[in-house]
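Thanks for coming. I will go through one structure today, starting with a pair of helices and then widening out.

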Amino acid sequence: MSEQTITPEPPEAALLQRVARGDSLAFDQLYTRWSPMLYGLVCKILNDPKEAEDALQDGFIHVWHKASSYDPGRSSPTTWAYMIFRNKAIDRLRSLDRRGRGIERIAEEPEHTGPSAGPEEGAETSERRQVVKSALESIPPDQREAISLAFFSGLTQSEIAQRIGAPLGTVKARIRRGMLKLADVLKGKL
């Protein structure tokens, strides 16, 4: 009978050190070890499996880029990860809340001014709409499409990626770059 040697799994702190050096195998091991519990955490906070998947991905991207910031003197690797993923889920929750309020405001804003609105209010609303429309037209079409689907159609980033056939990271980047360009264009105009 031959004895089988069982190699112990490396400690999480050692894996994080390897990830900090760019070791993708160590990252895979951490992902396999942590993803079930961290998915449960973000899913509980967000109460939406698709949003939880996005938060999980955001968290692991953060771990990949910031593994060198882990300080074993301050917390255990699992506690460090919990804080990252908890914060990513809360950020996503806040973003969803802001997006929801923005869409509601746009939806509630009358297309045409009613009899109670004075001519100045009607002109101001029309002017704001034109400024925003012009700003949207000034950004690249791929960014405009992603922003329109997110903010006017209410799709999640995952749904947008599916609809346009682009990777999730690409969709996120398009929305972010587009929003930054819109902010520059609209600065001082609204």
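**The H2 and H3 contact**

On the H2 side, the residues that meet H3 are Ser24, Phe27, Leu30, Tyr31, Trp34, Ser35, Leu38, Tyr39, Val42, Cys43 and Leu46. Their partners in H3 are Pro49, Glu51, Ala52, Glu53, Ala55, Leu56, Phe60, Val63 and Trp64. By kind, the residues of this contact comprise 16 nonpolar, two polar and two charged. Nonpolar here covers Ala, Val, Leu, Ile, Met, Phe, Trp, Tyr, Cys and Pro; charged covers Asp, Glu, Lys and Arg; the others, Gly among them, are polar. Contact means heavy atoms within 4.5 Å.

A word on the source: this is a predicted model, where local features need pLDDT of at least 70 and side-chain atom pairs count only at pLDDT 80 or more, while totals for chains, interfaces and linings use all residues. Residues are numbered from 1 along each chain as its sequence is written, and side-chain values use heavy atoms, with hydrogens and water left out.

How do we describe two packed helices? By the angle between their axes and the distance between the axes. For H2 (residues 24-46) and H3 (residues 49-66), the axes come within 9 Å and cross at roughly 140°. The axes are lines fitted to C-alpha atoms, over the stretch in contact, and angles run from 0 to 180 degrees between N-to-C directions. H2 and H3 are therefore oblique to each other. The cut-offs are under 35 degrees for roughly parallel, over 145 for roughly antiparallel, 65 to 115 for roughly perpendicular, and oblique for the rest.

Now two single residues. Pro49 is in helix H3. Beyond its neighbours within four places in sequence, Pro49 is in contact with Tyr39 and Cys43. The C-alpha atoms of Pro49 and Tyr39 are 8.8 Å apart, with the two residues ten apart along the chain.

Ser158 is in helix H7 (residues 157-164). Ser158 counts as buried, at 16% relative accessibility. Leaving out residues up to four places away in sequence, Ser158 touches Lys50, Asp54 and Leu168.

Finally, the whole protein. There are eight helices and zero strands, where helices (H or I, at least four residues) and strands (E, at least two) are DSSP runs numbered from the N terminus. Buried residues make up 32% of the 190 residues.

Conventions: Buried < 20%, exposed > 50% of the residue type's maximum accessible area, 1.4 Å probe, protein only.
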